[in-house]
Amino acid sequence: MSVFSQSFSPCGRFLAAGNNYGEIALFSLSAALSPDASEGSQKPILNFTAHDGPVFSLLSTDTHLLSAGNGEISAWSWAELIKKVSQLFSKCMCIFLGLGKMYISFHCCDNSLIVGGGDNNIHIMDMETGIFKSVLKGHTDYIHCLCFKEREEEILSGGEDGAVRIWDSRTNRPVHCIEVFKYEECARPQFGKWISCLATDSDWMLCGGGPSLSLWHLRSMSPTSVFPLPGCQREAVFHQDLIMSVGEGPYVSHCLHGGTVKAQIPCTPSSLNTLALNLKNTEHRVMTVGGSSHQIDVFTNFSYRAFSLSF
Amino acid sequence: MSSDAVKKRKPKVVRNEAGTPETKRSRAEGDQEVRVYNEEVELEDRDPQQDYMLYKDTCADLAKLMAEIQELKSSGAKVGSVEIEERHRQCSVHFITLKKLNRLAHMRLKKGRDQTHEAKQRVDVLHLQLQNLLYEVMHLQKEISKCLEFKSQHEEIELVSEEEFFQEAPAEISRPHVTRDDNHQLTLARLDWELEQRKRLAEQYKMSLARKEKIQKAIEQKREYLSSLQPGLQNIMQASLPVQEYLSMPFEQMQKQAEVARHLPPPLYVLLVQAAAYGQACDKTLSVNISGDVDEAKALSRRPEDSQEDESDSDAEEEQQNTKRRRATVGVQLEDKRKAMLRRHPLSLCVDLKCKDGSVLHLFFYYLMNLNILTVKTKVSTATDLSGAVSAGELLNSESLLNCLYASDHGKETPNPANRYQFDKVGITTFADYVSDLGHPYVWVQKLGGLQFSSDGAQSELRGSALSASHMEKTMKLLRGRLQARLALHKQFSSLEHSIIPVSSECQHLFPAKVVSGLTRWTMMSYQEFTELGFVQHVLKAGLVCETDLFFMAVVERGTARLLAAVVLNPRYPEVMPLFSLSLHWKGERSGRTEDNLRAMESEVNVFRAELQGPRPGLQLLTNQIQRLCVCLDVYLETESQVCDGSEGPREFPREKMCLRTARGPSRLKPFKYNHPQGFFSHR
């Protein structure tokens, strides 16, 4: 089993994880983190099959959990899920995104859902009506990751073609295109050119994948630091002063903006696909990582692994 | 004085001491002048006390006279002097007095004695009379008591009770008018009645005896008649044999088998009956035979009476022998005890299961009498000679052929918990040592024989035949399936060892037409070797492997890439899918644990049973798995070199497979799924 995606509930007490069999499991963080937690509390409280193919992306809005798999996006109500009812709220068949089992990633802002998929385009859907408002074309290969800069309302997308494109969400026009693999300090031709992770923090952007994980200054559009991490990074986030990233290799890397790798915290899965931080809830402030194993590691103190949830 | 009286009588005295005064008086009459002097009469008159005084006086006088004489003599008087003569005369008178007194004393004494004597006599006579009377009394008392104790024989005869007697006996015997009053008569009457009855019954008895003799004779005659029929029937049976064969109704055979079957121990009998029934009803290819020594079995069944006598005799002989030679050592004795405990019943069952291709599975069932369990030994005979595939050595090994027919039924330990105590007594630690000799005590064998032991979960209430019947069909199907699976594997192995993966035409659609990677090696491993491999530790930790499984190593190669696959084959193949663990040696070593794509390959091969098992009964599973492994390796190698942008020179593996996308998702999985008939690869 491989865990591909995670998402925390709006209240922050539950974690939803999606795996490669199309199942979504709901874990109760409050039970797992309580002092009298047992082995049973590390098992999911709800486990249901959401899609045919792998659930590559999970996203939580204020009321709903959105999951993507196999050319379709499904929405589940958090209230229902918490009551252990896995009833489908609504499903949106993104047929045009699919040629069957394609990889979809999305992001949401305001009331729109930004969907990037196998047809190399980015679609913006209005969540209230379910109508696709616009299409952003430009990538030449499927899109891996999406990111949103709230201040300037810009969409960043990274794809298999190795390009990071920046789009203005109001005008739906491309603003910039950065071909990361063309920069020598980042490029790693032995791995390839795809970009699999994107993160942005106002002026800064993290991107990595085939090329090394690098921190870019968006105004100058140049890499300021390159992180010497050996594997391909699959997800990276900014957290306070640190950059945390996961990817190939059984560890979570803590890096500093300067480009040094501060620490590598070992984990159970042999390689990690997803990292999630539960910042909404101060009681259950944890970091969870999942990857090519049925176990999802939970870090209460970000410096070491506390325990593992069992999918 | 008395002396004077005596003197007076002196001239005519007839002294008469004895005799009665009467006679003396008569004599006195004859002689008038004779005075009868009767001293006895005189005696009565005299007083003894007076006589005694007289005596004393006389003695005193005498003493005085003597003294005077003495005086006179001493004073010189002459001898014949008058004074002395006087004194002499007085002395002699005194002497005479004394003599009389003496006489009187004697007479008194005699008289006293006589009186005493007389009295005594009288007393004696009375005493005797008393004794006589007492004696007679005693005698009479004894006689009386004897008479009272006398039991006449008549009391020993049990008589009918009085009421019955009065009811039943005819009047002339019972005579109630007399007997009601007189007990003696009553008893006599009753005795008479008893006698009558006995006479009557004796007659009846004689008559019955005579009848019985007659009937006995009749029976004898009829028996002779019947026995004379027997040879005739035999002839008919013999003559009908060819007819039986022609009609294929082997009654004779079945009869013989039934005859022998009577001597089978109960579990084997249950097994025989159920197996024969199943064979007749459902499965024509199953046949059951009894083999073994019938005489020994008969001897065993006669065990209780005969062998006890034999034992005592033989014991006596043995003791004699033992005293002569040294006693056997303790070890040998223990060994003998063990052998006795593990003794098999002389009869055994042989069940043959024939398969369509002509191979036969022979099962030999034995019954261990003291342990009350059944064991089985197997043999496989095939229609074609199985050419030696080295790796297939274990497949048809009779020791392990039937291992785990049902899950975890290893047949190493006896399923009967009571045997534990028996073993302790003779020092057998584990039954596994004797399994190769005696056969495997599988749990299903016990169930087929109707033996249920409490450790089996104790769920079913069935016993005996019902238990056997409920398991028969399933077990036979499993046995046949096992044999076929093993034979199929055997064939497959021999071609795998020649590096050819035998894929049948029905399964051809699972794979693309061209498969470049090839199997270069197929060898068997031991459990030890398997556990030492580095890339299988996850399987061991998950507890999916046990010692009874079969382990193989397959090596698939293409170019410089070498894929090692460790295969765990459960004895229950193909019910349980073989488990593959992969390790790739190509530009370094990778295994499923370290790389996601190899993990995906493992899942591709291990998980999709429905696709890979092919047509029923799914004997193609292993070969399909291996073929799929080769296909996946092809895809892996061809798509892997895609990623490098030609910076290392020409690609080793040119891209030949048609894939939609070569890498999907954050883990960049390769497309391992083959789509038929379009012939392209996609992701699952």
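**Sheet in chain A**

I looked up strand β26 (residues 287-291) of chain A and found 3 bridges joining it to strand β27 (residues 295-299) of chain A, the two running antiparallel. I take strands (E, at least two residues) and helices (H or I, at least four) as DSSP runs numbered from the N terminus, and strands as paired if DSSP finds at least two bridges between them. A:T288 stands opposite A:V298 in β27(A). The model is predicted, with pLDDT of at least 70 needed for local features and 80 or more for side-chain atom pairs, while totals for chains, interfaces and linings use all residues. Residues are numbered from 1 along each chain as its sequence is written, chains are lettered from A and ligands numbered from 1 in the order written, and side-chain values use heavy atoms, without hydrogens and water.

I read the open sheet of 4 strands in chain A as β25-β26-β27-β28, with antiparallel pairing. β25 (272-277) and β28 (307-310) of chain A are at the edges with a single partner strand each, so one side of each has no neighbour in the sheet.

**Helix contact in chain B**

I checked α14 (residues 330-341) against α15 (residues 418-426), both of chain B: B:L334, B:K337, B:R338 and B:M341 in α14(B) meet B:Q422, B:F423 and B:V426 in α15(B) (contact means heavy atoms within 4.5 Å). The residues of this contact divide into 4 nonpolar, 1 polar and 2 charged (Ala, Val, Leu, Ile, Met, Phe, Trp, Tyr, Cys and Pro count as nonpolar, Asp, Glu, Lys and Arg as charged, the others, Gly among them, as polar).
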